Amino acid sequence: MALTFDSFKLNKAFTPTLKKENYQTPTPIQEEVIPPILAGKDLLGIAKTGSGKTASYVLPILNRLQKKGATKNRHIEVLVLVPTRELAIQVGEVFGTFSRGLPERIKTFAVYGGVSINPQMIKMQNVNVLVATPGRLLDLVKSKAVHLSLVQILVLDEADKMLNLGFKKEMEQILDLLPNKKQNLLFSATLNKNIKQIKKLTLVDPVVVKIEEEDLSLDAIEQLYYSVSSEKKGPLLRSILNKYKGQQTLIFTSSTYQADNVFDKLRKNGFQPSVIHGKKSQGARQRVLNNFKNGDLEILIATDLIGRGIDIEKLPLVINYELPRSPKDYIHRIGRTGRAGNKGIAISLITPEDEHHFKVIQKKMKRTVTQLE
Ligand code: ADP
Ligand code: MG
C-alpha cells in the first residue's frame, strides 16, 4: 500500500538499478524527502541510522543533474560533506551505483584524508559530485585541484558527528567558499543543539522532515469497536463523527476506491473531509497532510499509505472504516493516536465477515477490544 518509486517521476533509467538493489518501496524518509529535494527546496532530514537517508538524497540529486549544462573543469556541481573516510567511500558508492545507466554521464568521486593527496588531485578532472571529508577538501581547494564557487547543491550528512569530531572550523571555512545561492540539504540521525546551529547557518526556509522511531506502545489508546453490517457502516460512521464533532479524526479504509467512496458519501451528508491515497499527486497529498497536521482540516480519510511513520500531534480519534489485512498495519494505524503522552481513541467497524480476522488481530497485539452498542 505504500508509495512506489515510480510515483516520484524519477528518470526511468533508475528503474533497473532500483530493482537490482532490491529497493522495492521507498523508506519513510525517502517518501518525504525526495519530492522537496526534486523541487529544489532546502531540507533538514532527521531519521535514525539505517533508515535509508543516503538514497533519499542521492536519487533526487542525480535526477536534478540530468538537466545540467556543461561543467567547467575542476568545478564541481554537488558537494557532499561527511565526517569520516568510511562514510565518504560508502556515499560515493551509492552515487556510483545509481548513476549507472543514466543518459547523462555523471562522475562521482570520494576524497578523504589519511591517503596520499596526489592521485586525488589528478582524478579531480570533470567531477560532478564530490563526496569529501572537510580537512581533505580544504587541502584540495588550497592546491587548486577543485573549485567550489559553482556548487549548486550542498549536502551535509551526519553533520552532528562532524561537529563532534571537531570539524567546526573547517566546516565554516568551506561554507564561506560556497556560493550563497544553492540548494542545501542537511541530514542527521538526531536533532540536537549542534544540528539546530548548523541548520541556522546553512539552510534557507527549509522543509523539515523528522521520522520518529515508532513507539507503538498501545497503553494510551482506548480501543473500541462496533459490530455492523456493511450497509450500515455509512450511517454509523456519520453518527460517530457527529458524536466527536470538533475533534480531528483520521479514517482508514483499505483501498483507494473505498477511500474515495467514503469521501463522496461524507460530502453528500454535509461533512468537509479530505482524502489521501496513492492515486493523488504528491503535491495534493502533501497539502492535505499539512492541513491536517496544522489542524485546519478536521476529517481525513486515508489508506495505509499514511499508516506508518506519520506524526500528527495530538490526534484524538482514529476510525477503522475497514480492517487492514495485517495486524501490524492495524497497530500502525491506531498508533497515529495516543502519541507523545496524549490519550487517543481507536474505533473499528467490524462486519460479521471481519470477526474472525479481528480476533486474530487482538490475539497478535495481546489486547482485547471493547465492543460498543
Ligand atoms: P542511513 O544513512 O539512514 O543510516 P543508509 O542510507 O545507509 O541509512 O541505508 C541503510 C541500508 O538500507 C542500505 O544498505 C541501503 O542500501 C538500504 N536501503 C535504503 N533504502 C532502501 C529501500 N528503499 N529499499 C531497500 N533497501 C534500502
Ligand atoms: Mg547515513
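Predicted model: local features only at pLDDT ≥ 70, side-chain atom pairs only at ≥ 80, totals over all residues.
**Ground rules.** I number residues from 1 along each chain as its sequence is written, and I letter chains from A and number ligands from 1 in the order in which they are written. Local features need pLDDT of at least 70 and side-chain atom pairs count only at pLDDT 80 or more, while totals for chains, interfaces and linings use all residues; side-chain values use heavy atoms, with hydrogens and water left out.

**Entry one: the count.** I looked for cavities (sets of points on a 1 Å grid over the protein atoms alone where a 1.4 Å probe fits but cannot get out). I found two of 30 Å³ or more.

Helix 10 (233–243) and helix 11 (256–268) each give two or more of them; helices here are DSSP runs of H or I, at least four residues, numbered from the N terminus. Helix 11 gives the largest share, four residues. I sorted the lining into four nonpolar, two polar and two charged residues, where Ala, Val, Leu, Ile, Met, Phe, Trp, Tyr, Cys and Pro are nonpolar, Asp, Glu, Lys and Arg charged, and the others, Gly among them, polar.

I listed Leu163, Lys168, Met171, Glu172, Gln197, Ile198 and Leu201 around it. Helix 8 (168–177) and helix 9 (193–202) each supply two or more of the lining residues. By class I get four nonpolar, one polar and two charged.

Terms used:
1 Å grid on protein atoms, 1.4 Å probe; cavity = no way out; pocket = protein on both sides within 12 Å on 5 of 7 lines; lining within 4 Å. Points joined across faces, edges and corners; volume = space filled by probe spheres on them.
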